[in-house]
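Subject: Structure handover

Hello,

Here is the structure for your files, with notes on what was found in it below.

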Amino acid sequence: PAFIDINQVSVVYDSKKGPVTAIEQIDKQINQGDFICVLGPSGCGKSTLLKVIAGFIQPTKGTCQMEDKLITQPSWERGVVFQDSTLYPWMSVQENIEYGLKMRQVNPTMIKERTESILEQVGLLHVKDAHTFELSGGMQQRVAVARTLVNKPKMILMDEPFGALDALTRLNMQGLTRDLWQEEKTTVFLITHDIDEAMTLGNRVWVMSKNPGKIEKEYQLDYTYQA
Ligand code: ADP
Ligand code: ADP
């Protein structure tokens, strides 16, 4: 069975002007360990597809399953990072990262271990006690990524995670994501506007088209990336 099975999924939104078909009959499988980059014009349904997999919205038609279980709600097993992920400004970097684990009542020793290890991995150990509003945009985005990764999700879903970063920080974050994929074997689903990013970062590229939102083409990539 596929890790993620997107089975004939359509999403129709209700709007004031009437129903809007965001995606239509998408039928795809994602294997464990895949790194999928999704490209396509604005409004073709990329975010909608991500939200279905994440469990934020339910398909109007069809089903989406993870390991043979219907996805009906968000879960820490599927970590999500948005372009402007909101951090808690009244908490320190470390507290932001620990928050989800505390909510899940993971034991304190484990929380400490995992938080320290992730802080080191993303290069934030030296600012762990800072408030997030003191940090640059790139660092804040690292906190957002760390906050998701600390849960050890089976899959990470990213919606234009690096679009707003300056070029150097972006390169750095791409490398980090790539390393995590290779070392932790986390399945990654990443939406991007950047063709170079899509063509170098993962092992599969889905190209979506608009009206209605569909996956028009898929490219399978050889491993060619160099840090
Ligand atoms: P993308 O991420 O590729 O830009 P989206 O998934 O955000 O595309 O949107 C796909 C289509 O669905 C667009 O036409 C958008 O305007 C519409 N849409 C998205 N969210 C909603 C919503 N909550 N209500 C109504 N229409 C929406
Ligand atoms: P959408 O309509 O799906 O939101 P946009 O093309 O408007 O797609 O891009 C989404 C966001 O990403 C916008 O806020 C835009 O400012 C930002 N963005 C896209 N590309 C870049 C880039 N190269 N540098 C900085 N911001 C970018």
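A salt bridge here is a side-chain nitrogen of Lys or Arg within 4 Å of a carboxyl oxygen of Asp or Glu. For charge, Lys and Arg count as positive and Asp and Glu as negative, while His and the chain ends are not counted. Buried means under 20% relative accessible area, exposed over 50%, and partly exposed in between (1.4 Å probe, protein chains only).

The model is predicted: local features need pLDDT of at least 70, side-chain atom pairs count only at pLDDT 80 or more, and totals for chains, interfaces and linings use all residues. Residues are numbered from 1 along each chain as its sequence is written, chains are lettered from A and ligands numbered from 1 in the order in which they are written, and side-chain values use heavy atoms, with hydrogens and water left out.

Asp159

Asp159 is part of strand E7 (residues 155-159); helices (H or I, at least four residues) and strands (E, at least two) are DSSP runs, numbered from the N terminus. Asp159 is buried but has no salt bridge, and Lys51, the nearest side chain of opposite charge, is 6.2 Å away. There is a polar contact (a pair of N or O atoms within 3.5 Å; within protein, one must be able to donate a hydrogen and the other to accept it, and residues adjacent in sequence count only if both atoms are side-chain atoms) between the side chains of Asp159 and Ser47, at 2.8 Å. Not counting residues up to four places away in sequence, Asp159 touches Ser47, Leu50, Val81, Phe82, Gln83 and Ile191, where contact means heavy atoms within 4.5 Å.

Gln58

Gln58 sits in the loop between helix H1 (46-54) and strand E4 (61-66). Gln58 is partly exposed, with a relative accessible area of 40%. Leaving aside neighbours within four places in sequence, its contacts are Ile71, Thr72 and Gln73. A polar atom of the Gln58 side chain lies 3.0 Å from the backbone oxygen of Thr72.

Helix H2

Within helix H2 (residues 93-103), the buried residues include Val93, Ile97 and Leu101. The buried residues of H2 pack against helix H3 (108-121) and helix H4 (137-149). Just after H2, Gln105 has a positive phi of about 55°.

Whole chain

The protein chain has six helices and ten strands. Of its 227 residues, 49% count as buried. The C-alpha trace spans about 45 × 40 × 40 Å along its principal axes.

Regards
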